[in-house]
Amino acid sequence: MTSTAAAAHTTGPAAAPAPAVRLTGLRRHYGDVRALDGVELAFPAGSFTAVMGPSGSGKSTLLQCAAGLDRPTSGRVEVGGVALEGLSERRLTLLRRDRIGFVFQSFNLLPSLTAAQNVALPLRLAGRRPSRAEVRGALERVGLGARAGHRPGELSGGQQQRVAIARALITRPAVLFGDEPTGALDTATSRDVLGMLRELVDREGQTIVMVTHDPVAASYADRVVFLVDGRVHGELTSPTAQQVATRMATLETGAAEAGGFAC
């Protein structure tokens, strides 16, 4: 090999980084019900993905399997290149604690604790004693550094959800999952929280995977993945709310005509 060829060989394009989450042949059955039926998906690091579909399409099941909260019937889940199916319950718990953040529709904050104490709770339960700076930093990431001493009852719904997000981010997870994270918020507050999630992706490279039923919420994502009857049924990149709403209307009409979900 000539020196020029050798240089070209050694300076060629680098291999693409592994996705933050990869799902391969993912199936989850509950008796005769196929909640997931061979899902193949990859969620690139530093991206924001919304998952949508008619009721009963498998959205929440996909999220729970991808986050290690539920074991699939078959198939493979990898988070940061680590396969989950071979892990013991203890090792899976440790991986969830260190590499995965999860935000629910209900905030699940302890009312007797301050915002700072709620954020610190996951680390304390893991036997760690986070510094004040660490906790304050997590709250500042979601714009609530000045509210560290407030209890949930002294915060608005949007502020409570921000505290829940800060709690999920305190471990610097590889991926943040959200199951209808703005579903309990009014429209203005929802948009405020979604804008903050978008900033986490753009400014800090956070990976977010969010289940939602709201086309406007989905339009904050880089792409929208659609599920029907436990299977991927297409996707949109750089989506608009109108595009998402149109696609969802088509999917829901088809599912209703096929008797595929309960209204």
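Modeller: Two strands pair if DSSP finds at least two bridges between them. Strands (E, at least two residues) and helices (H or I, at least four) are DSSP runs, numbered from the N terminus. This is a predicted model, in which local features need pLDDT of at least 70, side-chain atom pairs count only at pLDDT 80 or more, and totals for chains, interfaces and linings use all residues. Residues are numbered from 1 along each chain as its sequence is written, and side-chain values use heavy atoms, without hydrogens and water.

Colleague: In which sense do β4 and β5 pair?

Modeller: Strand β4 (residues 74-79) pairs with β5 in the antiparallel sense, over two bridges. Glu-78 has Ala-83 of β5 as its bridge partner. Both strands belong to an open sheet of four strands in the order β2-β1-β4-β5, with antiparallel pairing. Its edge strands, β2 (33-43) and β5 (82-83), each pair on one side only.

Colleague: What is the volume of the largest pocket?

Modeller: A pocket is an open set of points on a 1 Å grid over the protein atoms alone, where a 1.4 Å probe fits, with protein on both sides within 12 Å along at least five of seven lines; lining residues have an atom within 4 Å of a point. The largest pocket has a volume of about 480 Å³, where volume is the space filled by probe spheres set on points joined across faces, edges and corners. Its lining has 21 residues, with Arg-96, Ile-100, Gly-101, Phe-102 and Pro-122 nearest the centre. The largest share, four residues, comes from β6.
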